[in-house]
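Please look over the sequence and the structure shown here before reading on.

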Amino acid sequence: AVVSTQSTGKFMEEKNNDIMNFNNQLANLQMQLEQAQSSAVKWESVWTHIKNTAARQTLLLGRIKMATHNLFMLINKQMKTKAEPSESTEQQLQKIQIYIRDLTEIIQETGRQSDTK
């Protein structure tokens, strides 16, 4: 009976140790879960910021393209030329630059001619 009580006590002690180990593992896993959830919230916030920034940049690019196209159309109207619809924004900007350069030269030349009179 003494051996049985000792082996029961030893068995109980082992099982209590097992339970404590499982509880420690559970606590560690819960801590890892909380860290992962915290990290997920942080990265979701970063992702939202990236999407918002991209949306703002896309909107700005659209406005720039629209303003470029409007200026391009005004220049074509002024020059009485027909715009090609397939022209890219870059091509439009190049034509705008040429127009401004030519117009600046005309203004400067006109100024020089009036100064000599």
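How many residues line the largest pocket, and which of them lie nearest its centre?

## The largest pocket

In this predicted model, the largest pocket is lined by 15 residues, and those that lie nearest its centre are Ile75, Met79, Lys95, Ile98 and Tyr99. Two elements, helix 1 (2-79) and helix 2 (89-116), are the ones that give two or more residues to this lining, and helix 2 gives the most, with six residues.

The space in the largest pocket comes to about 190 Å³.

## Glu87, between the helices

Glu87 has its place in the loop between helix 1 and helix 2. Its relative accessible area is 11%, and because buried means under 20%, Glu87 counts as buried.

Lys95, named above among the residues nearest the centre of the largest pocket, also meets Glu87, for the side chains of Glu87 and Lys95 make a polar contact at 2.9 Å. Leaving aside residues up to four places away in sequence, Glu87 touches Phe72, Gln92 and Lys95.

Asn17 and Lys51 stand 34 residues apart along the chain, and a distance of 50 Å separates their C-alpha atoms.

Notes
Residues are numbered from 1 along each chain as its sequence is written. This is a predicted model: local features need pLDDT of at least 70, side-chain atom pairs count only at pLDDT 80 or more; totals for chains, interfaces and linings use all residues. Side-chain values use heavy atoms; hydrogens and water are left out. On a 1 Å grid over the protein atoms alone, a cavity is a set of points where a 1.4 Å probe fits but cannot get out, and a pocket is an open set with protein on both sides within 12 Å along at least five of seven lines; lining residues have an atom within 4 Å of a point. Grid points are joined across faces, edges and corners, and a volume is the space filled by probe spheres set on the points. Helices (H or I, at least four residues) and strands (E, at least two) are DSSP runs, numbered from the N terminus. Buried means under 20% relative accessible area, exposed over 50%, partly exposed in between (1.4 Å probe, protein chains only). A polar contact is a pair of N or O atoms within 3.5 Å; within protein, one must be able to donate a hydrogen and the other to accept it, and residues adjacent in sequence count only if both atoms are side-chain atoms. Contact means heavy atoms within 4.5 Å.
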